[in-house]
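Open the structure in your viewer and follow the stops below in order. Each one says what to select and what is there.

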Amino acid sequence: MSGRTSPAPSVVVAPDKDVLAAAIAARLLTALADAQALRGTASVVLTGGGIGLGALRAVAESPALGAVDWSRVDFWWGDERYLPDGDPERNETGARSALLDRLPVDPARVHAVAAESPDGPEVAAEAYVAELAAAAADGAAAPAFDVCLLGVGPDSHVASLFPEHPGTQDTRPAFAVHGSPKPPPTRISLSFDTLRSAREVWLLVAGAEKADAVALALSGEAGERQVPAAGAYGTERTLWLLDRAAAGKLPA
Ligand SMILES: O=C1O[C@H](COP(=O)(O)O)[C@@H](O)[C@H](O)[C@H]1O
């Protein structure tokens with residue numbers, strides 16, 4: 001069991017992945033605008049992956065794009081592939097071309113994980129830990145992000161927390177991942193605790209090849225070490241945003 005301490009998850013199913021991307025975009029724009037109305041600023045944790053980047057492209061194309069003051073949004077990443085700056089496989093590169101490069105963002109609020117360098121991944125992870133702590137309130141290890149977006153792999157991984165991999169038990173706020181079963185082998189990931197400091201965690205899933213992972217994670221019977229997606233939840237809300245194919249193995 002994952003020891004859930006937040007409200008039960010909600011599941012919303014869209015007919016296909018394009019409608020899902022548009023629906024996520026609409027929700028994200030609303031959530032960020034609401035956060036700014038309440039607190040002045042907003043923060044979002046971004047994800048890589050097909051539907052994660054599809055949703056960002058849908059945000060960029062939305063007629064409601066101007067509802068958010070993009071200069072007052074903090075962007076973080078749930079994980080990053082440890083590759084050279086600008087590598088197309090970096091989650092940062094995907095997010096920049098899908099959305100960030102088209103917005104009047106404040107560069108100081110774009111909290112990308114350091115790219116591959118002679119310093120190595122441990123230094124990159126430690127720098128991210130320091131950046132998270134600097135942005136957190138009241139001595140916390142990480143900010144209470146408004147929204148944390150997470151893709152889910154067919155193996156049920158979220159961020160770079162893979163089934164039965166040591167990262168699922170790592171308690172540092174962010175850390176280097178070595179020997180990732182999905183390429184590239186070296187990554188930086190937020191920990192479960194850091195992901196769970198978000199007010200809202202949204203799991204974005206499209207495709208029939210992920211239906212087993214979705215069903216298992218939502219069954220309530222899976223532990224987060226074996227099924228990492230089961231351990232992703234927010235302090236106020238956990239939302240599974242699925243297309244029909246990904247929802248195909250959920251009980252009616
Ligand atoms: O490697 C990663 O994979 C997941 C999911 O990717 P997808 O292509 O199966 O949707 C992604 O969410 C994560 O951020 C990433 O680094």
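**A tour in selections**

Begin with P184, in the loop that runs between β6 (174–177) and β7 (187–190). Show the backbone of P183 and P184: the peptide bond joining them is cis, with omega near -5°. Most peptide bonds are trans, and most residues other than glycine have a negative phi.

D138 sits in the loop between α4 (121–135) and β5 (147–151).

Before going further, colour by confidence. This is a predicted model, with a mean pLDDT of 97 for the protein and 98% of its residues at 70 or more. The scores are ipTM 0.97 and pTM 0.97.

Now select the ligand. The space it takes is the largest pocket. Which residues are around the ligand? Display T47, G48, G49, G50, D79, R81, N91, G151, H157, K182, R187 and K210. By class, this shell holds seven polar residues, five charged and no nonpolar.

- K210: a side-chain N or O atom is 2.6 Å from an oxygen atom of the ligand.
- R81: a side-chain N or O atom is 2.9 Å from a ligand oxygen atom.
- R187: a polar side-chain atom lies 3.1 Å from an oxygen atom of the ligand.

Finish with a surface view. How much of the ligand does the protein bury? Taken alone, the ligand exposes 390 Å², and the protein buries 89% of that.

Methods:
Residues are numbered from 1 along each chain as its sequence is written. This is a predicted model: local features need pLDDT of at least 70, side-chain atom pairs count only at pLDDT 80 or more; totals for chains, interfaces and linings use all residues. Side-chain values use heavy atoms; hydrogens and water are left out. A residue is near a molecule or strand if one of its heavy atoms lies within 4 Å of it. A polar contact is a pair of N or O atoms within 3.5 Å; within protein, one must be able to donate a hydrogen and the other to accept it, and residues adjacent in sequence count only if both atoms are side-chain atoms. Accessible areas come from the Shrake-Rupley method with a 1.4 Å probe; for residues, only the protein chains shown count as cover. On a 1 Å grid over the protein atoms alone, a cavity is a set of points where a 1.4 Å probe fits but cannot get out, and a pocket is an open set with protein on both sides within 12 Å along at least five of seven lines; lining residues have an atom within 4 Å of a point. A molecule sits in a cavity or pocket if more than half of its atoms lie within 2 Å of its grid points. Ala, Val, Leu, Ile, Met, Phe, Trp, Tyr, Cys and Pro count as nonpolar, Asp, Glu, Lys and Arg as charged, and the others, Gly among them, as polar. pLDDT is the predictor's confidence in each residue, from 0 to 100. Helices (H or I, at least four residues) and strands (E, at least two) are DSSP runs, numbered from the N terminus.
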